Amino acid sequence: MANKTSESFEFAKKKNKEEMKHHLITFASMIVFTLIAFGMVIGDFHRLFTIPVIILMAVVQVAFQLYYFMHMSHKGHGLPALMLYSGVGVAFLTILAMQTIVWW
Amino acid sequence: MKGWVSKSRILFLLSSLMLVLTGCGRSNLTALQPKGEGADVIFDLMMLSVIIMVFVGVVVMAIYFFVLIRFRQKKDQEDFIPKQTEGNQFLEVLWTVIPILLLVILAVPTVQKTFMLADTTPSEENKEDAITIEVTGKQYWWHYNYNGQKIQTSQDLYIPTGERVYLKLNASDVIHSYWVPTISGKMDTNPGENTNEMFLHAYEEGVYYGKCAELCGPSHSLMDFKVIAVSPEEFDQWVSDMQNVDTDATPESDSAQRGKELFTEKSCIGCHAVGAGGGASTGPNLTNFGDRAKLVGYKENTKENLVTWLLDPEKFKPGNKMTGKYGNGDPVNPISEKEASQIADYLLQLQPSEITPEDAKSTDSDSEEEK
Amino acid sequence: MSTATAQKQGFGATLWDYLTTVDHKKIAILYLVSGGIFFLAGGLEALLIRIQLMVPDNNFVSSGMYNQLITMHGTTMIFLAAMPFIFALMNIAVPLQIGARDVAFPFLNSLGFWLFFFGGVLLNLSWFTGAPDAGWTAYAPLSTTSPGHGMDFYVLGLQISGAGTLIGGINFLVTIINMRAPGMTYMRMPLFTWTALVTSVLILFAFPALTVGLFLMMFDRLFGAGFFDPTMGGNHVIWEHLFWIFGHPEVYILVLPIFGLFSDIISTFSKKRLFGYSAMVFATVLIGFLGFMVWAHHMFTTGLGPIANSIFAIATMAIAVPTGIKIFNWLFTMWGGVIRMTAAMLWTVAFIPSFTLGGFTGVMLAAAAADFQYHDTYFVVAHFHYVIVGGVVFGVFAGLHYWWPKMFGKILDEKLGKLAFWPFFIGFHLTFFIQHFLGLMGMPRRYWVFHSGDGLDLGNLISTIGAFFMTLGTLIFLYNVIITSIKGEKASADPWDARTLEWSIPSPPPFYNFKQTPLVRGLDPLWVEKRQGNGKMTPAEPLGDIHMPNNSFIPFMISLGSFVMGYGLIYQVDDSRWLFVAIAGLLITLGSMFVRSVKDDLGYHIHKEDLEEKGAGSE
Amino acid sequence: MSDEQLQTLKPGQSPHEPEKATLEGKNKFLGFWFFLGGETVLFASLFGTYLALKDKGAETKAQELFGLELVFIMTIILLTSSLTSVYAIYHMKNLDFKKMQLWLGITVLLGASFLGLEIYEFQHYVHEYHHTFTSSAFGSAFYTLVGFHGGHVLFGLLWIVTLMVRNAKRGLNLYNAPKYYVASLYWHFIDVVWVFIFTVVYLMGKVG
Ligand code: HEA
Ligand code: HEA
Ligand code: CUA
Ligand SMILES: [Cu+2]
């Protein structure tokens, strides 16, 4: 294990701190998305309007989780992303099928 | 190497021979001699696909045998190093594009015919006259309800020739599948809300063999039925005969009369209706039992067989839903042999209609009847 | 631990070694042996099926027994014979082909095997009390209402062995991605490794659907849930979807690695590099991709409607294109080469027309409207035995002949190999070719009897005779295995004049595989060195200590625990005291996992000096 | 290599990505992500089943059944636990073991309270509405989907606690860093699934 100098460690630490700030912002926006989603349901908007919006909120929130909290935005996550999206592809087909060709 | 080739050739010859020997199978069971619209349409599609496959097959096999014969290692080639070709763009494009084209040729009629077969609503002008029948698959028999005609029957489905008869398919226990190969493709019968629809359109009169095609338990392979296609006039006759059954009529013989009483005493009536109007449908409707060619779908409908069935249904249909549920509650001897004989006499004289499978025998004549 | 493996061992020690091994080469042998046993069991079941169908209205087995036989035959062959064969071949070849010392997760490799094994044993124990009888597809509600415990064994046996397979899949994914030797880029990987990679991806995404399906079925059968019960608002179509979302990719899981090994074998025995390598890779990926969009072609008659049927029909047909690319590339690899007809090559050459015919009938089935006639008839039985036996089983035989020297250090007798081939090959076509016509002549599948007078007698008789020919072939192969292990000659490192890395090290390889990690300089690295170098791989690193994983008994215990839990769950419906057995099993599993996570397992080192002592000339 | 792995890492030392510093770590990292890809399909199958069976056979439909207050609280708790586990990994990257353990401890507490509320919620449905696992297909599908998630939470808790206890004495090293990292990924994934559960099951259930 090649030991790096403590300078580079300090640098990394600073970068981590920077990132942590982003994480806080991420978290705050996730809470906001949640509030919007719940708010729309409680507010009793039309369902054709509500459903797409809350699903969108969920997708954005999940993207935040994946890219920031789970660091998928960092490099070296190409294959994890590929596999995850392949999984999402299969997941999408599965759910689509269950919605459309189970009852007739 | 020569041996290899000739051996495969012999094999091929042998299999073609087998085909000739067996012919195309029983003429009222095979899918290869269609006698109805659905089977006909499908047969065309099959032939188209076979032609495409034969074409590709010939190309593949030609290259295959050429390569195997031409490029086998020769005696002096132990140390020969062939050229290490990486590929050939032209060839690779060729064998990508040609199959795509062939598949398009197959896909277009496939889609067209898939939609055609799924078109199960009668057209505007014959909406009134179109016959719709509810088919219910049960372990291990079929129940029919001619809604428009107010007739309920079982096992044998009477239809007129020359028109589409619409079926609504359902099951009451597990999945079955309704298949009359010579007239039409199959369709599953689902338990629950998922009702399926299909049509039968027989071109000619005949007794067509039907099979249950979805594993449904121990007697899956015995869940046979018949579709009896008769001329429209005969069909109308049959309908009116069935609608006018007199269920109270006294049987001619004493034995049959006693049988009729036993039919109630031994709780048969709890599951079997006699009378096309309906009633219990836990077991097959027996209104025209005497007209049937087959007992429980596949056994010759003789008195002897019927008595055997009544004494021990397991003998003919393992796992059937009648065993142990009738008679005096004694699972071993629910009814005596004498009683069975009397009931048999009663059931066999239930022949309300002039129209029987005999009237539709035209296509059945070329294959011998089984024992 | 290192000393234990180095010494000559008694039987007990050997047994213990295999129970605890994490060495991919030994796990390969474990997979091979258990897969082989299950194959014989499945074959025996097939024979009984064929004997029952030899003559019309036969009563050789009862109808209930017949349904158990077909269910167990299908389930055993797919999950317990074909899958472990695939894993055996992947285990022996993949790490060696990429120049790795072991797989990425040796411990998980072992765990995957033992879970598979115990799942298989659980499933087969059902024979004592009544085996599952609703077909290998286990369609509800027949399966959920089937009396007795047969279907419970099916559900839990497959659940446990499925977990093992999933673990194995992830292991191979990471192995292939992370453990490649320097210079072994993706586009230099042998085709077998490529197909193993794609197959692992398919496993990763297909098996979870089965897992869920089996859970739902378990809840319905054992805990009173109503997923598939129409009276409770359930719907059996959900099962059909889940099963086939798994089931269709599963058939490509089986056949892709076989495609890969055929590619390696054909190029080896034609002395040519693979024709259209990148097209082959692309086709593999495309088949994997399309494999997930076609599952409903098994459900054309379920009643999904013409729109869904058409979409799935077209998607299904599309798979013919990449598969065709493969067929033609194989033919053109042989074109211009020098073909050596060894036993391995014989199976391969026989595969091409057999599989192609199976593929053709597949495309015919894909024509949705026509499938209304084919579905659930012997036409389908013929189709899938043509692709599975003519593809997968031929492939396994070819692969075994090819890699046997690498696994056991001895070459399977070539004469006997060819002698086994002919009866099997002829029997195969005899059995299954005629079945196409049986189906079209009105014989549905899963039929315990057919009636005399239905015109099906002769075809069935011929089919049965064919099955006996296949048995003969199998027996000759078994004899070959025994004879070879007794007096076969020792194999050299590279008996076939082959092209890939596994042939650069001794047969069988030392337990650390490569003394020095090789440097890969091109596609077919060994061939490159043989033509352009001195015939040996150049090392990519100086000789140094080698880090090795420790053996472990924990995988066995985890699997044993889940086996016990499965048993308990099955019988708790009869008597709730069995719940304690289930809980005990769970505790064994969790406890073993706990031990695993708190006990550091750092492995050990083989020291440089020991390696030098063993002699530099181990190649 | 191996013994080095057990040396405790201290702040001020490199590497700053201790979870991926060894080959084992890299393998674990990749393998676990792949596993999550598989889990995606697993949960999709459960979601699909739930959507197909929603309200089927049940007396009480989703709209009347669900209350949003509790779900909201549970959501906030789980989201927060996601943040706290990010903090833990932040401190791990800075090689500050003590703080990492602290934040993980908070994560565990939040997770446990989430689980407690979930159990309470189930109880409520069973007692007030007789909405049980065996009462209808809807019930079966609901408890299976949400229960699978709950099971994941439980497993995650056991896992993290085991890690914390096992390593309490010896601190962070290259051997256990990947384990911590992977456990945190798992925890985030649980949160991802929950986001879809509260949206698809509860909110969409309420909307009807
Ligand atoms: C290894 C296993 C395997 C493989 C590889 C395949 C390959 C294919 N299968 Fe098969 N299949 C099964 C195993 C397999 N199948 C099993 C087990 C079942 C039954 C399960 C059960 O119900 O129990 C089944 C059932 C099955 C059905 C459902 C039938 C029914 O139940 O009604 C269908 C329908 O579309 C189908 C289609 C196909 C197609 C289109 C391919 C294609 O991938 C084939 C592609 C190959 C070729 C086409 C040949 C080579 C190509 C060329 C030479 C190019 C040119 C060709 C053309 C232009 C046509 N299969
Ligand atoms: C990998 C998959 C695989 C393989 C290799 C096989 C191999 C064979 N299969 Fe099978 N089969 C299936 C998968 C497979 N099958 C599936 C999935 C089904 C559907 C099940 C269902 O409907 O649910 C099926 C169904 C099926 C049927 C239809 C049953 C029905 O629908 O009613 C038939 C009938 O002929 C059959 C026959 C055979 C035969 C003769 C072989 C032969 O190739 C077997 C050759 C091998 C041997 C003959 C072994 C030799 C045995 C010995 C030497 C005995 C020695 C014994 C000891 C020492 C203990 N199979
Ligand atoms: Cu009814 Cu098979
Ligand atoms: Cu398929």
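This is a predicted model: local features need pLDDT of at least 70, side-chain atom pairs count only at pLDDT 80 or more; totals for chains, interfaces and linings use all residues.
Residues are numbered from 1 along each chain as its sequence is written, chains are lettered from A and ligands numbered from 1 in the order in which they are written, and side-chain values use heavy atoms, with hydrogens and water left out.

Five pairs of chains are in contact, and chains B and C share the most contacts among them, a contact being heavy atoms within 4.5 Å. Chains B and D, by comparison, are joined by no contact, and their closest C-alpha atoms lie 12 Å apart.

For chain B, an unreviewed UniProt entry places the feature "transmembrane region" at residues 42-69 and 90-108; such positions are given in the numbering used here, feature names are shortened, and annotations may be inferred rather than shown by experiment. In the model, residues 42-69 of chain B are 100% helix and 0% strand, with end C-alpha atoms 39 Å apart, and residues 90-108 of chain B are likewise 100% helix and 0% strand, with 27 Å between the end C-alpha atoms. Helices (H or I, at least four residues) and strands (E, at least two) are DSSP runs, numbered from the N terminus.

Ligand 1 lies between chains B and C, and 33 residues surround ligand 1, each with a heavy atom within 4 Å of the molecule. Helix α2 (37-70) of chain B and, in chain C, α9 (237-270), α12 (320-334), α13 (343-366) and α15 each supply at least two residues of this shell, the largest share, eight residues, coming from α13(C). By type, the shell residues divide into 21 nonpolar, 10 polar and two charged, where Ala, Val, Leu, Ile, Met, Phe, Trp, Tyr, Cys and Pro count as nonpolar, Asp, Glu, Lys and Arg as charged, and the others, Gly among them, as polar.

Among the closest residues are C:W136, C:D371 and C:H375. Polar side-chain atoms lie 2.7 Å from an oxygen atom of ligand 1 in C:W136 and 2.6 Å from an oxygen atom of ligand 1 in C:D371, while an N or O atom in the side chain of C:H375 is 2.7 Å from an oxygen atom of ligand 1.

The iron atom of ligand 1 has C:H383 as its only protein donor, through NE2 at 2.2 Å; donors are N, O and S atoms within 2.8 Å of the metal (3.2 Å for Na, K and Ca), and water is not among the atoms, so sites may look incomplete. C:H383 lies in helix α15 (residues 378-408) of chain C, and the iron atom of ligand 1 is separated by 4.5 Å from the copper ion, ligand 4.

Methods. A polar contact is a pair of N or O atoms within 3.5 Å; within protein, one must be able to donate a hydrogen and the other to accept it, and residues adjacent in sequence count only if both atoms are side-chain atoms.
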